[in-house]
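Let's walk through this protein together, from its overall form down to a few local details. Please keep the model open beside you as you read.

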Amino acid sequence: MNRTLTVFSPAKVNLHLFIGAKRADGYHDACSVMHALTLHDTVTVACEQGAQGEPIAVDVRCSVHGGVESLDIAREDNIAYKAIVALADECGFSEAGWKFFVHIDKHIPHAAGLGGGSSNAAAALVAACRAFGVDMQDERVLSVASKLGADVPFFLRGGCAQLVGRGDVFERELVPMNAPVVLVRPDGGVSTAAAYRAFDEVTGELHPKAVGVSAERARDVSLYNNLAVASEAVMPELVEVRQWLQGRQGIARDAVTGEPCVLLSGSGSATFCVCESMNAAYSIVSAAKLRGWWARSCSFASAGVRIVEGRMPGAARTNVGAVHKSW
């Protein structure tokens with residue numbers, strides 16, 4: 001069987017991120033509300049099955065677009081590679097002669113808190129499930145996703161969701177929103193490990209009180225991220241980005257606090273803002289680029305990773321066949 005699949009692989013932002021105490025397993029307790037975006041990578045997977053008894057073979061290549069920096073790593077270190085191999089091992093296909101050729105068109109920068117790598121892993125899982133004939137609801141798929149990374153299970157679902165545990169356990173869905181978003185990132189990324197080390201140094205034994213989320217709709221979530229201070233300590237330029245965005249015209253404001261809707265996503269280094277209109281988003285992107293920062297406009301989305309059959313999932317699209325410009 002020969003087949004080529006194209007998978008929509010979206011970015012995400014954290015509308016809410018509470019990091020708690022470090023656990024015995026080395027991870028931290030976390031409560032997160034993630035929302036998918038229309039900014040996306042495209043993962044194309046060609047696969048064929050050879051003779052039984054032959055080991056699985058996976059080749060991964062990447063092309064970068066829109067000012068995204070290339071990530072020079074061995075194919076075996078790419079999380080999409082790891083996803084396919086792990087699923088094959090879990091489901092008994094590691095010696096079934098499968099060959100996968102994966103090409104990732106990258107529009108999501110790495111080390112930005114936008115979940116690009118995790119999304120690519122979820123996209124690879126979706127493609128491998130289709131090839132192997134494994135149901136996406138199979139508990140083995142979720143098990144593999146969780147082991148690959150805390151954000152991977154979210155991308156299998158998409159939309160807007162609250163996650164607990166170490167940020168990988170689905171708690172509930174929230175009604176997604178469809179508002180314009182601007183992403184701004186200075187040169188360089190923030191290592192998640194470095195951000196958490198700084199967080200532990202800042203909090204020590206005094207862990208902040210949990211901030212809950214009671215909203216049923218994404219639009220009603222007050223933006224919150226208690227990891228941001230640690231990330232800003234690792235990369236001080238993030239303070240400049242945040243303060244600059246907070247002063248822009250056309251930024252939406254929180255209905256309760258009146259504060260501008262500006263927040264670092266995850267551990268960064270991308271800061272996002274919710275805009276009142278797409279024209280306002282375009283204006284902010286243009287101004288950010290004049291300062292030498294990577295910047296993109298997009299929208300919130302209701303889709304997670306999806307095999308593209310016909311048109312891209314969701315009404316609003318960017319990048320490939322974009323309705324909205326990806327500036």
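This is a predicted model: local features need pLDDT of at least 70, side-chain atom pairs count only at pLDDT 80 or more; totals for chains, interfaces and linings use all residues.

Residues are numbered from 1 along each chain as its sequence is written, and side-chain values use heavy atoms, with hydrogens and water left out.

The C-alpha trace spans about 60 × 45 × 35 Å along its principal axes. The protein has eight helices and 12 strands, which are DSSP runs numbered from the N terminus (helices are H or I, at least four residues; strands are E, at least two).

Now find the open sheet of four strands, ordered β9-β10-β7-β11 with antiparallel pairing; strands pair if DSSP finds at least two bridges between them. Its edge strands, β9 (262-264) and β11 (294-299), each pair on one side only. From one strand to the next, the twist averages 20°. Between β7 (residues 180-185) and β11 there are six antiparallel bridges, and Val182 has Ser297 in β11 as its bridge partner.

Two helices accompany this sheet. Helix α7 (residues 237-246) packs on it, touching β7, β9 and β10 (271-274), with a direction at about 165° to that of β9. Contact here means heavy atoms within 4.5 Å; axes are lines fitted to C-alpha atoms, for helices over the stretch in contact, and angles run from 0 to 180 degrees between N-to-C directions. Helix α8 (residues 278-290) lies across β7, β10 and β11 and runs at about 170° to β11.

Two loops deserve a look. Most residues other than glycine have a negative phi, and most peptide bonds are trans. Ala111, however, has a positive phi of about 55°, and this residue is in the loop between β4 (98-106) and α2 (116-132). In the loop between β9 and β10 you will find Ser269, joined to Gly268 by a cis peptide bond with omega of about 20°.
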